[in-house]
Amino acid sequence: SSTLAVTVSRWGAGGTYQYSNPPPRTVDGQPALTLWAYEGSPYCKLVREVLSALELEHVLVYAPRGSPNRQRLWQQMGRFQVPFLTDDDTGVALFESAAIIEYLQKQYGVAASPVKFM
């Protein structure tokens, strides 16, 4: 099946680690990052893999069909599309997995040192 082919082609994804500089928690002690997603979306999975690799603490808001969260996102943003990420530390709100991944890596990722150790 196509699901099996995708799983095999992404074998090991989400199991890597990248150095990061995580955002501080909000004033009320919650993680600064909030990801709106639903389980079946391959685009949401890509973003969750990057959050995991960067070890960025985040709130995950599930918004499957029939969920009141889906309506909440629609009311807040005027449309429903996932993945959707908000960063309370910087005020950024992004749709589109590629844009979210680029933002997370640039904002919180730490570039590998060009110095090679023996």
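Which side chain makes a polar contact with the side chain of Asp87? I will come back to that residue once the fold is laid out. Please keep in mind that this is a predicted model.

The overall layout, then. The protein chain holds four helices and four strands. Reading from the N terminus, the elements run α-β-α-β-α-β-β-α. Of the 118 residues, 31% count as buried. If you take contacts between residues at least 6 apart in sequence, 59% of them join residues at least 24 apart.

Now the sheet. The four strands form an open sheet in the order β2-β1-β3-β4, and the pairing is mixed. Its edge strands are β2, residues 58–62, and β4, residues 92–95, each of which pairs on one side only. On average, neighbouring strands are turned by 15° against each other, direction ignored. Strand β1 covers residues 33–37 and runs parallel to β2, with five bridges joining the two. If you want a place to look, Leu33 stands opposite His58 in β2.

Two helices lie across this sheet. Helix α2, residues 42–53, lies across β1 and β2 and runs at about 155° to β1. Helix α3, residues 68–77, lies across β1, β2, β3 and β4, at about 115° to β1. At the start of α3, a side-chain oxygen of Ser67 comes to within 3.0 Å of the backbone nitrogen of Asn69. Just after α3, Gly78 has a positive phi of about 80°.

Back to the opening question. Asp87 is found in strand β3, and its side chain makes a polar contact with the side chain of Tyr103, at 2.6 Å. Is Asp87 buried or exposed? Asp87 is buried, yet it has no salt bridge. The nearest side chain of opposite charge is that of Arg25, and it is 13 Å away. Leaving aside neighbours within four places in sequence, Asp87 is in contact with Ala32, Leu33, Val92, Tyr103 and Tyr108.

Where does Arg25 find its partner, then? Arg25 forms a salt bridge with Glu57, and the closest N and O atoms are 2.3 Å apart. This pair links distant parts of the chain: Arg25 sits in the loop between α1 and β1, Glu57 in the loop between α2 and β2, 32 residues apart. Arg25 counts as partly exposed because its relative accessibility is 44%. Glu57 is partly exposed as well, with a relative accessible area of 44%.

How many salt bridges are there? The count comes to two. The other pair is Glu102 and Lys106, whose side chains meet at 2.7 Å, N to O. These residues are four apart in helix α4, so they are separated by about one helical turn. Glu102 is partly exposed, at 40% relative accessibility, whereas Lys106 is exposed, at 66%.

Next, the loop between α3 and β3, which is where Gln81 is found. Which side chains does the side chain of Gln81 reach by polar contact? One is the side chain of Arg79, at 3.0 Å, and another is the side chain of Glu96, at 2.8 Å. Gln81 and Ala37 are 44 residues apart in sequence and 8.6 Å apart in space, C-alpha to C-alpha. Pro83 is in that loop too, between α3 and β3, and a cis peptide bond joins Val82 to Pro83, with omega at about 5°.

Last, some backbone angles. Most residues other than glycine have a negative phi, and most peptide bonds are trans. Glu96, the partner of Gln81, has a positive phi of about 75° although it is not a glycine. Glu96 lies in the loop between β4 and α4, and with a relative accessible area of 46% it is partly exposed. Glu55 is not a glycine either, and has a positive phi of about 50°. Glu55 is placed in the loop between α2 and β2. Glu55 counts as exposed because its relative accessibility is 55%, and the cut-off for exposed is over 50%.

Terms used
Residues numbered from 1 in each chain as written. Predicted model: local features only at pLDDT ≥ 70, side-chain atom pairs only at ≥ 80, totals over all residues. Heavy atoms only, no water. Pairing = 2+ DSSP bridges. Axes fitted to C-alpha atoms, helices over the stretch in contact; angles between N-to-C directions. Contact = heavy atoms within 4.5 Å. Buried < 20%, exposed > 50% of the residue type's maximum accessible area, 1.4 Å probe, protein only. Lys, Arg positive; Asp, Glu negative; His and termini not counted. Salt bridge = Lys/Arg side-chain N within 4 Å of Asp/Glu carboxyl O. Polar contact = N/O pair within 3.5 Å; in protein donor to acceptor, adjacent residues only side chain to side chain.
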